[in-house]
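Subject: Structure for your review

Dear colleague,

Please find the structure below, with its sequence. My notes come after it.

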Amino acid sequence: MGEPSSPPEYYTGYHKMATAYLSLGSNLGDREANIKSALNLLRQEARILKVSSLYETEPVGYEEQPRFLNCACAVETGLDPRALLRFAQSVEKQLGRKRTIRFGPRVIDIDILFYDGLILDSPNLVIPHPRLAERAFVLVPLKEIAHRLIHPLLGLTIEELLQQAEGLEEVSLYS
């Protein structure tokens, strides 16, 4: 008999099912295939409830890089927030993400935007995502799948946040 396999590094045990909203982005290689691969890998630990269309966007922060494809998805998972973060990072690693400069180019980026109505501020994980309210490239796809979702800190819906966002002209539907 072989050795029993150990649980993956992100495993911390299951608890009640939670709904999380994730943002996915890619600007290296086959961007669309990278996002589809990430969604398929996410299915190992999450049930995908909704996925937005793909949007092409200008890079933010470090501008000397290719344009991004972005989408948002709603998932149901039994992973707690920190386990979900570790799992998302393992998906990024499987797809070849190498962490270089902050806001730099990447094969895939997966961010946790919301996790149920949780408010969490820890050194490694902040939920809701701290910059989502100022990022049109996150809000536009998120509005498509959850326009009535309320930001637990700001008390505004995604639709209301999008009305206040800048850079909308830099987000276009990808065909």
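Predicted model: local features only at pLDDT ≥ 70, side-chain atom pairs only at ≥ 80, totals over all residues.

Residues are numbered from 1 along each chain as its sequence is written, and side-chain values use heavy atoms, with hydrogens and water left out.

Overall fold. The chain has 4 helices and 8 strands (DSSP runs numbered from the N terminus: helices are H or I with at least four residues, strands are E with at least two). Their order along the sequence is β-α-β-β-β-α-β-β-β-α-α-β. Of the 175 residues, 48% are buried (under 20% relative accessible area with a 1.4 Å probe, protein chains only; exposed is over 50%, and partly exposed lies in between).

Strands. In β4 (residues 68-77), 9 of the 10 residues are buried, so this strand is largely enclosed by the rest of the structure. β4 pairs with β1 in the antiparallel sense over 9 bridges (two strands pair if DSSP finds at least two bridges between them). Thr19 has Glu76 of β4 as its bridge partner, and Leu24 stands opposite Cys71. β2 (residues 46-51) also runs antiparallel to β4, joined by 5 bridges, with Ala46 opposite Thr77. Another 3 bridges join β3 (residues 55-57) to β4, again antiparallel; here Thr57 is partnered by Phe68.

β1 (residues 18-26) has 8 of its 9 residues buried. β1 pairs with β5 (residues 109-115) too, antiparallel over 6 bridges, and Tyr21 has Phe114 of β5 as its partner.

Helix α1. The 12 residues of α1 (residues 31-42) should span 16 Å at 1.5 Å a residue, and the end C-alpha atoms are 17 Å apart, which agrees (the expected span is 1.5 Å times one less than the number of residues). Buried in α1 are Arg31, Asn34, Ile35, Ala38, Leu39, Leu41 and Leu42. Seen down the axis, these buried residues fall within an arc of 165°, so they line one face of the helix (the arc is that of the directions from the helix axis to the C-beta atoms).

Pocket. On a 1 Å grid over the protein atoms alone, a pocket is an open set of points where a 1.4 Å probe fits, with protein on both sides within 12 Å along at least five of seven lines; lining residues have an atom within 4 Å of a point. The second largest pocket holds about 170 Å³, the volume being the space filled by probe spheres set on the points. Its lining includes Thr57, Glu134, Arg135, Phe137 and Glu170.

Regards
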